[in-house]
Amino acid sequence: MNHTTTRFLSFAAFLFLCVATTARADVKAQILDLSNNQKIAADIRWMPVDKQYVVTVRGQGGQISERTCSADDIRILQVQTPQNWEQILKTLKSNPTSAIPALKKIANDYKMLMWDTRAGKLIGEIYLKQGQAEKALAEMAPIMQANPTAGWNSPMAPVLWKAMIDSKKTRQLGRLLEQ
């Protein structure tokens with residue numbers, strides 16, 4: 001097989017992986033409920049408009065209970081790794097640009113659940129390597145909007161700072177770091 005065919009097949013397999021995982025993922029997590037100091041296994045997602053988490057617990061006998069709680073009410077101890085994370089990392093090595101759609105999906109599905117900032121970091125790095133600092137900033141903006149602390153307290157922060165410096169947004173960077 002020649003190099004072009006191999007790259008095409010890699011891209012096609014990765015595209016299939018992205019399409020196959022388009023349904024909203026249930027994000028599984030271990031959570032410490034600070035209101036009663038109880039550790040629970042649950043599905044969790046962030047609701048940006050309400051600035052709250054929706055926590056769904058599946059009990060014995062198939063009972064499902066769902067509640068909302070603020071970020072101050074819970075501490076997320078562990079969030080399940082996105083299902084296709086290892087494949088995305090492999091794709092980053094051979095064809096970084098083709099990994100962007102899957103990384104954007106993770107950033108959206110795992111909003112405020114640590115994997116959003118990890119995906120944002122990788123997206124930012126891809127665009128910075130291509131000399132597209134403005135595009136890197138645009139792609140990291142939704143993550144920053146949901147979680148302003150990601151600008152100084154996340155794996156994405158140094159990449160965001162570099163994109164701001166490269167796009168001559170040093171005044172904006174200064175304001176971010178003053179917070």
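Of the 179 residues in the protein, 39% are buried, where buried means under 20% relative accessible area, exposed over 50% and partly exposed in between (1.4 Å probe, protein chains only). The model is predicted: local features need pLDDT of at least 70, side-chain atom pairs count only at pLDDT 80 or more, and totals for chains, interfaces and linings use all residues. Residues are numbered from 1 along each chain as its sequence is written, and side-chain values use heavy atoms, with hydrogens and water left out.

**Exercise 1. State how many helices and strands the protein has, and give their order.**

Solution. Helices (H or I, at least four residues) and strands (E, at least two) are DSSP runs, numbered from the N terminus. The count is seven helices and five strands. Along the sequence the pattern reads α-β-β-β-β-β-α-α-α-α-α-α.

**Exercise 2. Find the buried residues of helix 6 and say what they pack against.**

Solution. Helix 6 covers residues 157–166, and its buried residues are Ala 157, Val 159, Leu 160, Ala 163 and Met 164. They lie on the same side of helix 6 because they cover an arc of only 165° around the axis; the arc is that of the directions from the helix axis to the C-beta atoms. These buried residues pack against helix 4 (115–129), helix 5 (133–146) and helix 7 (170–178), with contact meaning heavy atoms within 4.5 Å. After helix 6 comes Lys 168, whose phi is positive, near 60°.

**Exercise 3. Describe how helix 6 and helix 7 are placed, and which residues meet.**

Solution. Begin with the axes, which are lines fitted to C-alpha atoms, for helices over the stretch in contact; angles run from 0 to 180 degrees between N-to-C directions. The axes of the two helices come within 8 Å and cross at roughly 150°. Helix 6 is therefore roughly antiparallel to helix 7. Angles under 35 degrees count as roughly parallel, over 145 as roughly antiparallel, 65 to 115 as roughly perpendicular and the rest as oblique.

Next, list the residues. Leu 160, Trp 161, Met 164 and Ile 165 of helix 6 meet Thr 170, Gln 172, Leu 173, Leu 176 and Leu 177 of helix 7. By class, this contact has seven nonpolar, two polar and no charged residues. Ala, Val, Leu, Ile, Met, Phe, Trp, Tyr, Cys and Pro count as nonpolar, Asp, Glu, Lys and Arg as charged, and the others, Gly among them, as polar.
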